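Open the model in your viewer and keep the selection tool ready.

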There are 2 protein chains.
Amino acid sequence: MKRILIDMDDVLADASARFAEYATERMGKAVSKELLQGHNWAASIDIHADTVKSWVHEPGFFRGMQVMPDAQDVVRRLMEQYEVFIVSAAIEFPNSLKEKVEWLAEHFAFIDWRYIVLCGHKWMIDADYLIDDHEKNLATFRGTPILFDAPHNQSLTGYQRVKSWKDVESLLLNEQVPV
Amino acid sequence: MKRILIDMDDVLADASARFAEYATERMGKAVSKELLQGHNWAASIDIHADTVKSWVHEPGFFRGMQVMPDAQDVVRRLMEQYEVFIVSAAIEFPNSLKEKVEWLAEHFAFIDWRYIVLCGHKWMIDADYLIDDHEKNLATFRGTPILFDAPHNQSLTGYQRVKSWKDVESLLLNEQVPV
């Protein structure tokens with residue numbers, strides 16, 4: 001059985017929408033997630049990077065994210081054909097760790113805790129596919145990297161890009177015979 | 001550079017001593033860690049498994065563990081010759097996650113957060129060595145498994161056993177030319 005690693009922020013969970021929500025509510029800016037482009041998206045909408053960092057360390061930031069459209073349905077079906085691990089580079093944010101486990105327990109209750117990995121680097125995990133929004137993770141992965149479209153990675157090239165979980169479905173479940 | 005995975009409980013951190021401490025303080029039993037043998041060690045000293053489980057979920061249980069003798073010195077020196085990851089099956093205990101990261105930051109400050117992995121299974125991590133006290137992790141590891149001696153694994157055979165961090169030093173650092 002082939003193994004897939006799936007990232008959390010901006011892949012399963014709508015991190016960009018959460019940033020836009022905080023920017024709108026806290027800073028009085030009408031910011032949509034589409035505006036959060038590039039590594040310096042905070043500066044481009046005139047928010048200091050330290051402010052964004054403080055949000056990320058705030059209790060509830062990760063816990064309150066929305067699930068990406070179709071993620072639950074497609075992940076559940078991937079698990080019928082693949083060994084699926086959820087792999088999030090979360091150690092940098094110790095307050096996020098419990099929130100991420102609780103978030104998965106709420107929204108992806110069908111994923112056993114043994115298939116959750118909270119880490120920093122991802123290159124030491126052996127798998128066939130990695131679905132991730134960050135080049136640093138995709139570039140060092142030895143399997144097939146799949147770039148999940150996010151506002152901050154619009155200029156990144158050289159990777160198979162999926163725009164949605166429907167795209168993941170087409171790419172990884174298209175050999176499935178309909179029942 | 002070869003890669004080593006190092007477990008936390010009963011390898012870097014003296015989990016058995018922590019259980020003995022709780023049994024002594026909470027249950028009024030003069031329990032030494034050497035008594036905690038086998039998978040049913042709790043029953044053998046007349047403590048209900050649910051009581052032990054409640055300790056593990058209690059804030060501070062992981063944070064207050066003692067460092068294993070010589071672990072700091074040997075891990076620091078291993079890091080000069082190997083890529084070292086700390087890999088703990090901690091997701092089952094969401095309250096332990098932050099405590100484990102904080103514990104490492106205090107006692108192993110020289111380990112970058114990117115080399116910490118909190119997970120369930122360990123078989124998907126690609127490495128040359130795994131130092132662990134549990135057969136379930138060693139048996140599914142594809143590199144060279146190294147059994148770290150613990151009260152609960154005394155009857156386990158079939159693995160290279162190290163009794164201490166001095167033994168790890170002899171096994172993995174003995175090719176080092178003294179300077």
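**Stop 1: α4 and α7 in chain B**

Select helix α4 (residues 71-81) and helix α7 (residues 165-172) of chain B: their axes come within 9 Å and cross at roughly 20°. Axes here are lines fitted to C-alpha atoms, for helices over the stretch in contact, and angles run from 0 to 180 degrees between N-to-C directions. Helices (H or I, at least four residues) are DSSP runs, numbered from the N terminus, as are strands (E, at least two).

This is a predicted model: local features need pLDDT of at least 70, side-chain atom pairs count only at pLDDT 80 or more, and totals for chains, interfaces and linings use all residues. Residues are numbered from 1 along each chain as its sequence is written, chains are lettered from A and ligands numbered from 1 in the order in which they are written, and side-chain values use heavy atoms, with hydrogens and water left out.

α4(B) and α7(B) are therefore roughly parallel to each other. Angles under 35 degrees count as roughly parallel, over 145 as roughly antiparallel, 65 to 115 as roughly perpendicular and the rest as oblique. The crossing of α4(B) and α7(B) is left-handed: the near helix is turned anticlockwise from the far one by less than a right angle, whereas clockwise would be right-handed.

Now show side chains. From α4(B), Ala71(B), Val74(B), Val75(B), Arg77(B), Leu78(B) and Gln81(B) meet Trp165(B), Val168(B), Glu169(B) and Leu172(B) of α7(B). Contact means heavy atoms within 4.5 Å. By class, this contact has seven nonpolar, one polar and two charged residues. Ala, Val, Leu, Ile, Met, Phe, Trp, Tyr, Cys and Pro count as nonpolar, Asp, Glu, Lys and Arg as charged, and the others, Gly among them, as polar.

**Stop 2: α5 against α5**

Select helix α5 (residues 94-107) in chain A and in chain B. They pack at an angle of about 160°, with axes 8 Å apart. α5(A) and α5(B) are therefore roughly antiparallel. Their crossing is right-handed. Pro94(A), Asn95(A), Leu97(A), Lys98(A) and Val101(A) meet Pro94(B), Asn95(B), Leu97(B), Lys98(B) and Val101(B). The contact of α5(A) with α5(B) has six nonpolar, two polar and two charged residues.

**Stop 3: rings**

Which residues form a ring cluster in chain A? Select Phe19(A), Tyr22(A), Trp41(A), Trp55(A), Phe61(A), Phe62(A) and Phe93(A), which ring pairs link together. Rings of Phe, Tyr and Trp (its six-membered ring) pair if their centres lie within 6.5 Å; planes under 30 degrees apart count as stacked, over 60 as edge-to-face and the rest as tilted. Over all chains, there are 24 aromatic pairs.

Finish at Arg76(A), over the face of Phe110(A) at 4.5 Å from the ring centre. A charge sits over a ring if NZ of Lys or CZ of Arg is within 6 Å of the ring centre and within 35 degrees of the ring normal.
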